[in-house]
Amino acid sequence: MTAIALPLLLAGCALPSVIKPAVQAPPPPPPMPRVTPVEVEPTAPATRLLPPSADSPSPSATVLAYADRIRPLGGNELGNEIARLGDPADSPVGQMQLAIALAQTRNPPDLARALSLMQRVIGNPAAEAQSLQPLARALAQRYVEQRRVEEDRDRQAQQVREAQRRIDQLNDRMEALRAIERSFGRPSNTIRATP
């Protein structure tokens with residue numbers, strides 16, 4: 001009987017269930033601040049996306065048209081064009097034109113000079129130079145890469161010449177050894193008298 005009474009006794013000693021209070025609604029969100037639109041200055045440099053006028057092409061367009069015009073020139077014609085351009089002084093367009101012409105000669109000193117001219121345009125604070133600077137940076141990067149490739153090509157050509165020289169030396173030695181071998185293998189023409 002105690003086995004039945006014990007659970008009943010424990011059930012009577014249990015704490016009364018706690019009544020939970022009703023959930024309150026969250027407070028309303030704070031009012032949104034008033035946003036007043038601000039008009040962007042219409043003459044800001046980033047908003048000026050007007051195409052250049054047809055009367056005067058942009059400096060970049062002038063340089064690109066020049067590059068397209070001299071691209072098919074050969075060695076003598078390119079040399080004449082470089083002589084015609086002469087010293088561009090502080091003209092960013094002239095510097096870039098000369099650099100483009102020099103880079104086409106595929107001559108390492110000319111390529112170094114072309115890279116130097118592009119660096120001058122990149123560092124020039126003039127307004128005309130600033131419009132050319134993105135193009136000058138791209139071309140300077142291309143010239144650095146071209147210079148690296150040409151140096152690698154020259155180094156590989158030197159290695160090929162050195163390997164060919166070694167091959168020629170080894171062929172000469174082998175031919176000399178064959179000649180010695182042939183001289184030992186020949187029967188002697190003198191008749192030996194038998195004793």
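Arg155 and Asp152 join their side chains in a salt bridge, with N and O 2.3 Å apart; the term stands for a side-chain nitrogen of Lys or Arg within 4 Å of a carboxyl oxygen of Asp or Glu. The two residues are 3 apart in helix α6, so about one helical turn separates Arg155 from Asp152. Salt bridges with shared partners link Glu145, Arg148, Asp152 and Arg155 into one network. Before we go on, please keep in mind that this is a predicted model, in which local features need pLDDT of at least 70 and side-chain atom pairs count only at pLDDT 80 or more, while totals for chains, interfaces and linings use all residues. Residues are numbered from 1 along each chain as its sequence is written, and side-chain values use heavy atoms, with hydrogens and water left out.

Asp152 counts as partly exposed because its relative accessibility is 23%. Arg148, at 41%, is partly exposed, and Arg155, at 47%, is partly exposed too.

The structure holds 13 salt bridges, and one that you can look up next is formed by Asp68 and Arg71, with closest N and O atoms 2.9 Å apart. Asp68 counts as partly exposed at 47% relative accessibility, whereas Arg71, at 56%, counts as exposed.

Now follow helix α6, which covers residues 127-185; helices (H or I, at least four residues) and strands (E, at least two) are DSSP runs, numbered from the N terminus. Gln141 lies in this helix and counts as exposed, with 52% relative accessibility. Between Gln141 and Met118 there are 9.6 Å in space, C-alpha to C-alpha, and 23 residues in sequence.

Ile180 also lies in helix α6 and, at 44% relative accessibility, counts as partly exposed. Together with Leu177 and Phe184, Ile180 forms a nonpolar patch on the surface, with about 370 Å² of accessible area in total. Patches are made of residues with over 30% relative accessible area and no salt bridge, like charges being joined within 9 Å and nonpolar side chains (Val, Leu, Ile, Met, Phe, Trp, Tyr) within 5 Å. The areas come from the Shrake-Rupley method with a 1.4 Å probe, and for residues only the protein chains shown count as cover.

Finally, turn to the way the helices pack. α4 and α6 meet at an angle of about 15 degrees, with their axes 10 Å apart; axes are lines fitted to C-alpha atoms, for helices over the stretch in contact, and angles run from 0 to 180 degrees between N-to-C directions. α4 and α6 are therefore roughly parallel to each other. Angles under 35 degrees count as roughly parallel, over 145 as roughly antiparallel, 65 to 115 as roughly perpendicular and the rest as oblique. Helix α3 (residues 75-85) and helix α4 (residues 92-103) have axes that come within 10 Å and cross at roughly 155 degrees, and α3 and α4 are therefore roughly antiparallel to each other.

Methods: Buried < 20%, exposed > 50% of the residue type's maximum accessible area, 1.4 Å probe, protein only.
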